[in-house]
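The sequence and the model are shown first.

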Amino acid sequence: MTPPLHPVVARVTQRIAERGADRRAAYLRRIAEAASASFWGDDPPDPPAKAGQTLLASLRMSAPARSALGCANLAHGFAACGPADKLRLKGTAVKNIAIVSSYNDLLSAHQPLRDYPELLKAAIRDAGGTAQFAGGVPAMCDGITQGRAGMELSLFSRDVVAMATAVALSHEMFDGALLLGVCDKIVPGLVMGALSFGHLPVILVPAGPMPSGLPNAEKARVRKRFAAGEIGRDELLEAEAASYHAPGTCTFYGTANSNQLLMEVMGLHLPGASFVPPGTGLRRALTEEAGRRVLRHAPPIGEVLDERAFVNGVVALLATGGSTNHTLHLVAMAAAAGIELTWDDFDELSTVTPLLTRLYPNGTADVNHFHAAGGTAFLIGELLDAGLLHEDVRTVAGEGLAAYRRSPVLTEDGLDWRPAPETSGDLAVLRPAADPFDEQGGLRTLRGNLGRCVIKVSAVREEHRAIEAPARVFDSQHDLQDAFAAGELDGDMVAVVRFQGPRANGMPELHKLTPPLSVLQDRGHRVALVTDGRMSGASGSVPAAIHLSPEAADGGPLARVRDGDLIRLDCGKNLLEVLVPDEEFAAREPAPPPAGGHDGTGRELFGAFRQAVGAAERGAAVVLS
């Protein structure tokens, strides 16, 4: 029997539903009309007056979408197919599935996706359908571009992926979709694009993590030694190469692996698919099953991703101390589904969500250790039993989240699912809800006279969660790094790095600041970071108040902060403020944004994005702003 839903979870879910009721209803009507037009062409029946789910249920795959196409249109659609598929696509008895992939062999996490299309086509063909590679989407590696000019394209690439996904699905040839992607901006972008085709069944197909390499604590130690000038580039490169060393996702719990966890908890992965390693029989079996499942059983993505699914995603993020980037991505994905999710929702859910994992950068273990300790099945079971997840949701595995309490196994008879262990395999990595690492979630929202921001506290020690210190103001991360290298930062400080928001320069991650700030903290100084930029899914032990909104380039008060101003950051009180008299602070002339800096490395192509992008607390989206 499912325990009753926690009253705070129920209240937040109800508030979200009421806040965006009109917008959600309009979204559901729109995708119902799209389904109707897809199946009946220019003379569809009228959609129902209400949300549209009744029509979706009645329409679901009653006839292939291509039935509405003219003969010339359809002939173009199957011209390159082999004889057997061409014969099937000429008729109306067979469903056709789109494959949209973010494969490249630059990203270790995406390299295993190379062979998936042919594998999926074969599985779908054997199950009585057809599949076509509908299109590719770009996939940036934040690890490569970290601290470089290319990082200023990273967040915008999410919206490019969304648009590219929409282009791939726009041909009206498809009755479902398989989305192949893993990393930071790619998964949210795929989902945002697919939600414009919310009448289609959609499954996200992951690739799994690489084997564990150099222990994360050792990697962090080497990075700090390099920042302090104690070792050279050769030794640092050896350590980095031992950490990132094989096909598969990087194994720390950053945005890529947060993506995988959230897609599973939100019902878009098959149960237990997130962290099965690439190149294994089980991974192959799960990939093939995704093809069969989208053909026969998966519900439309617009129905799967409702208010309950997004609350489940937020709770899972908080319970695992996941990536701060998802305070942007979940908001943007929700908006694509006609749902208004806010940082206030994150904040309230955090007060009742226990922290159940210790994964780097919140601990020393990686996602392979998490998977071995019980993984997603154990975690979901604990959160369900605590009444913190909605069980009554739709998923690609069927009705209800209970199916995700089971883990996949490969037997002599093929793929199967078995109940998760009743106890954690390693209490240093994964704990039950009754004995958490912390009573509250790993993310908090701070507010005050500098605006609103997000901070990840799960990796920050209690004694570092409150600080009052003078500001050192920088207009770029490189200025801070130069000051550190010159020995100018040797005392307590709140490092203010401004003009890093979405309108200023695309909101780059500032993860390169982690080693120097950590060195200062290790020397005994009280240190924090305040910025309108992003930090990283791998935000570490230094308190970092990030995503500050409104941003400095959009009139935010951060532009009026000066060197020496006292800043108070207090996670316990959810407070961030500059201790300058209100009248004096308001009378200051805001500092101007740095001149130039938008040319080269493709940045000049994204001027329209910088002008159109929404605020961080609205998801920093371009396509939905």
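This is a predicted model: local features need pLDDT of at least 70, side-chain atom pairs count only at pLDDT 80 or more; totals for chains, interfaces and linings use all residues.

Two of the pairings can be described residue by residue. S1 and S2 are joined in the parallel sense over 6 bridges, and within this pairing Ala 98 stands opposite Gln 132 in S2. Strand S3 (residues 176-180) also runs parallel to S4, to which 4 bridges join it, and here Ala 177 has Val 202 of S4 opposite to it.

How many residues of S1 are buried? The count is 6 of its 6 residues, and the strand is accordingly described as mostly covered. The side chains of S1 divide between two directions: Asn 96, Ala 98 and Val 100 point one way, whereas Ile 97, Ile 99 and Ser 101 point the other way, and all of them are buried.

Ala 166 belongs to helix H8. With a relative accessible area of 21%, Ala 166 is classed as partly exposed, because only values under 20% count as buried. Ala 166 and Arg 66 are separated by 100 residues in sequence, and their C-alpha atoms are 17 Å apart in space.

## Helix H12 and its two packing partners

Two packed helices are described by the angle between their axes and the distance between the axes. Helix H9 (residues 186-195) packs with helix H12 (residues 255-265) at an angle of about 35°, and their axes are 9 Å apart. From H9 the contact involves Val 187, Pro 188 and Val 191, while H12 contributes Asn 259, Gln 260 and Met 263. Sorted by class, the residues of this contact of H9 with H12 comprise 4 nonpolar, 2 polar and no charged.

H12 also packs with helix H15 (residues 307-320), at an angle of about 140° and with the axes 9 Å apart. The two helices H12 and H15 are therefore oblique to each other, because an angle has to be over 145 degrees to count as roughly antiparallel. The crossing in which H12 passes H15 is right-handed. On the H12 side, Ser 258, Leu 261, Leu 262 and Val 265 take part, and they meet Asn 312, Gly 313, Ala 316, Leu 317 and Thr 320 in H15. This contact of H12 with H15 holds 5 nonpolar and 4 polar residues, with no charged residues.

## An antiparallel hairpin

Strand S9 (residues 443-448) pairs with strand S10 (residues 451-456) in the antiparallel sense, over 6 bridges. Together S9 and S10 form a hairpin, with 2 residues between them. Within this pairing, Leu 443 has Lys 456 as its bridge partner in S10.

## Cis peptide bonds and positive phi values

Most residues other than glycine have a negative phi, and most peptide bonds are trans. Against that background, a cis peptide bond joins Tyr 360 and Pro 361, with omega about 15°, and Pro 361 is placed in the loop between helix H17 (343-350) and helix H18 (367-373). Another cis peptide bond, with omega about 5°, joins Ser 549 and Pro 550, and Pro 550 lies in the loop between strand S14 (544-549) and strand S15 (566-570).

Where does Met 507 lie? Met 507 is found in the loop between helix H21 (502-505) and helix H22 (514-522), and its phi is near 60°, a positive value in a residue other than glycine. Met 507 has a relative accessibility of 0% and therefore counts as buried. Asn 574, likewise not a glycine, has a positive phi of about 55°, and Asn 574 is located in the loop between S15 and strand S16 (575-578).

Conventions:
Residues are numbered from 1 along each chain as its sequence is written. Side-chain values use heavy atoms; hydrogens and water are left out. Axes are lines fitted to C-alpha atoms, for helices over the stretch in contact, and angles run from 0 to 180 degrees between N-to-C directions. Contact means heavy atoms within 4.5 Å. Ala, Val, Leu, Ile, Met, Phe, Trp, Tyr, Cys and Pro count as nonpolar, Asp, Glu, Lys and Arg as charged, and the others, Gly among them, as polar. Two strands pair if DSSP finds at least two bridges between them. Angles under 35 degrees count as roughly parallel, over 145 as roughly antiparallel, 65 to 115 as roughly perpendicular and the rest as oblique. A crossing is left-handed if the near helix is turned anticlockwise from the far one by less than a right angle, and right-handed if clockwise. Buried means under 20% relative accessible area, exposed over 50%, partly exposed in between (1.4 Å probe, protein chains only).
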